[in-house]
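Good morning, everyone, and thank you for coming.

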Amino acid sequence: MKRRLYANLRRKIIFITLTVAFIPLIFLSVIIYYQFAQVFRNKIEEQIEYRARAQGNAIELFLKERTAILLAMADTYTFDYLAARGKLERIFQIMNHRVGGFIDLGLIDSAGKHVAYVGPYNLIGLNYYQQPWFGEVESKGVYVSDVFTGYRRIPHFIIAVRRQENNRIWILRATIDSDVFEGLVRAAQVGKTGDAFIINREGFHQTHLRFGGEILSKSNLNPTIFGEGTTALEKVNSEGRKVLYAGRWLKKNSWLLVISQDASEEMTKLFKTKRIEIIIVVSGCLLIILTTIFTTRLTVRHLETADRKMNELNAQLVHADKLAALGKMAAGVAHEINNPLAVIAEKTGWMEDLLTEEEFQKSQHFEEYKKSLRKIEEHVERARKVTHGMLGFARRMEPHLEDVDINEILNETITFLESYARTNNITIEKELETDLPIIASDRAQLQQVFLNLITNAIDEIGKDGLVCVSSRRINSEIAVSVRDNGQGIPKEYQARVFEPFFTTKQGGKGTGLGLSITHNIVQNMGGTITLESEKEKGTTFTVRLPIVVPEKK
């Protein structure tokens with residue numbers, strides 16, 4: 001029943017401890033992770049947005065510089081000067097020397113005719129009056145086109161400025177080097193999956209893509225989802241992967257610089273942190289579980305041990321209380337028996353006196369009467385000794401110094417136990433040194449010491465054996481040995497025989513207090529008690545008491 005109670009207690013403690021430990025731990029871990037993930041994601045979006053803004057500014061500056069130098073050339077020189085042979089080429093060299101990035105330069109009159117040209121194509125004489133960009137330049141004065149193929153049939157874009165010289169209007173047009181421009185755009189690409197490209201408001205690519213996608217092809221990205229200025233957002237691409245995009249409008253909102261990045265690549269550090277956190281949390285949980293189980297089992301085991309010892313102590317106290325009551329009752333019984341014994345002894349003496357008279361001596365049964373009276377006296381004396389011994393052992397145990405004859409106490413104790421030993425066919429031999437000195441000690445407590453040792457020896461033998469009690473003087477001590485020829489005490493128990501409640505006897509046959517009490521009494525008297533035991537050969541307890549000379553009276 002108790003085992004089930006302790007098992008339930010163990011389960012409850014483990015459950016409550018783990019619940020209290022796990023809920024805050026897991027709750028805290030989830031909150032920390034999601035807070036960290038949100039901060040990390042915001043940081044990534046800020047970074048990609050910053051790259052788009054910074055690179056967009058660089059592209060805007062690139063276009064403004066080329067436009068500015070083209071305007072400066074148009075404002076500095078006249079149409080006739082630029083149309084003269086070799087002049088336009090000199091201007092073209094100056095422009096590329098100062099800022100670079102031009103692939104050709106052309107002078108176009110108000111009718112759209114290409115009057116002068118410097119570059120790798122043969123465009124002299126072509127007329128652009130019907131070209132869409134020509135009208136834009138005439139109306140706006142400065143025009144940066146989208147990418148188109150034009151007469152040269154390859155994608156390119158131009159910067160054209162209009163100049164009005166007196167009543168003459170002419171246009172100075174330059175084509176931007178695509179390699180230089182795309183190199184500027186690709187500078188925004190990062191990582192293994194990052195890309196940077198430009199699309200116009202209709203969604204056509206103005207630069208090449210890093211992973212496929214031709215220039216002037218239709219983009220899958222709708223430019224209208226990007227707001228004014230710079231915008232960052234996340235979308236799922238056609239392959240089902242989450243991609244982070246940052247868009248920056250350029251050229252008066254006609255181009256959109258897009259920087260893309262695979263979210264999983266940017267989130268690699270977050271995923272690594274997540275795995276480390278999971279490992280730490282799982283390791284912590286396992287450690288908590290193991291520690292909880294270990295400490296709970298240890299605690300419950302100690303509780304069980306304490307409970308068992310308390311039950312044993314309660315049983316011993318109950319048993320001791322019964323023994324005390326029995327001792328009081330035995331003392332009362334012995335006292336009550338003494339009176340009839342005294343009367344019997346007195347009457348026996350009176351009867352012996354009668355037998356001395358002549359008329360009784362002539363009786364034919366005289367000898368039988370006399371023999372019977374001696375038997376009566378003998379048994380009365382024996383009964384008196386028994387009751388005397390019972391009264392002696394029932395006396396209180398407070399220390400009380402008196403003159404003590406060790407041999408006399410041993411004789412009384414042996415006499416008290418002789419009947420018990422004889423019923424078990426055990427012989428008690430005495431080897432007592434006759435000239436032991438009288439010492440000052442507590443008689444009652446010494447009686448208890450010898451009674452415990454001899455009783456233990458008899459119990460150790462069980463039946464059919466020998467107990468030898470000896471006394472001798474060794475220098476300033478008196479040594480009393482009680483030796484039996486029983487089974488002996490195992491070595492692993494010999495160091496514990498003086499511990500309270502330790503017993504080698506079968507359950508219910510020993511309290512485990514006798515040798516402990518004996519050990520304490522001998523120590524309090526300033527003596528020692530030792531043990532020698534060998535398997536199958538018996539055990540010897542030796543008590544050594546200091547010789548304390550009694551005070552003169």
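This is a predicted model: local features need pLDDT of at least 70, side-chain atom pairs count only at pLDDT 80 or more; totals for chains, interfaces and linings use all residues.

Residues are numbered from 1 along each chain as its sequence is written, and side-chain values use heavy atoms, with hydrogens and water left out.

Helices (H or I, at least four residues) and strands (E, at least two) are DSSP runs, numbered from the N terminus, and two strands pair if DSSP finds at least two bridges between them. Let me start with an open sheet of 5 strands, whose order is β2-β1-β5-β4-β3 and whose pairing is antiparallel. At its edges are β2 (114–118) and β3 (142–144), each of which pairs on one side only, and neighbouring strands are turned by 15° against each other on average, direction ignored. Angles here run from 0 to 180 degrees between N-to-C directions, and axes are lines fitted to C-alpha atoms, for helices over the stretch in contact, where contact means heavy atoms within 4.5 Å. Helix α3 (residues 87–98) packs on this sheet and touches β1 (102–109), β2 and β5 (168–176), with its direction at about 140° to that of β1. Between β3 and β4 (residues 158–165), which run antiparallel, there are 3 bridges, and Y143 stands opposite A160 in β4. Helix α4 (residues 132–140) lies across β1, β3, β4 and β5, running at about 50° to β4.

The loop between β3 and β4 holds R153, whose phi is near 65°, a positive value in a residue other than glycine. In general, most residues other than glycine have a negative phi. Is R153 buried or exposed? Exposed means over 50% relative accessible area, buried under 20%, and partly exposed in between (1.4 Å probe, protein chains only), so R153, at 65%, counts as exposed.

Another open sheet of 5 strands has the order β11-β13-β14-β16-β15, with mixed pairing. Its edge strands are β11 (426–432) and β15 (528–534), each pairing on one side only. Strand β11 is joined by 7 bridges to β13 (residues 465–474), and the two run parallel; K430 stands opposite V469 in β13. Helix α11 lies across β11, β13, β14 (477–484), β15 and β16 (538–546), at about 20° to β14.

Within helix α11 (residues 443–461) we find N452, which counts as buried because its relative accessibility is 16%. Leaving aside neighbours within four places in sequence, N452 is in contact with G514 and T518.

Finally, which residues are closest to the centre of the second largest pocket? A pocket, on a 1 Å grid over the protein atoms alone, is an open set of points where a 1.4 Å probe fits, with protein on both sides within 12 Å along at least five of seven lines, and lining residues have an atom within 4 Å of a point. The second largest pocket has a volume of about 700 Å³, a volume being the space filled by probe spheres set on the points. Of its 25 lining residues, the closest to the centre are N220, N237, V243, Y245 and S260. Strand β9 gives the most to this lining, with 3 residues.
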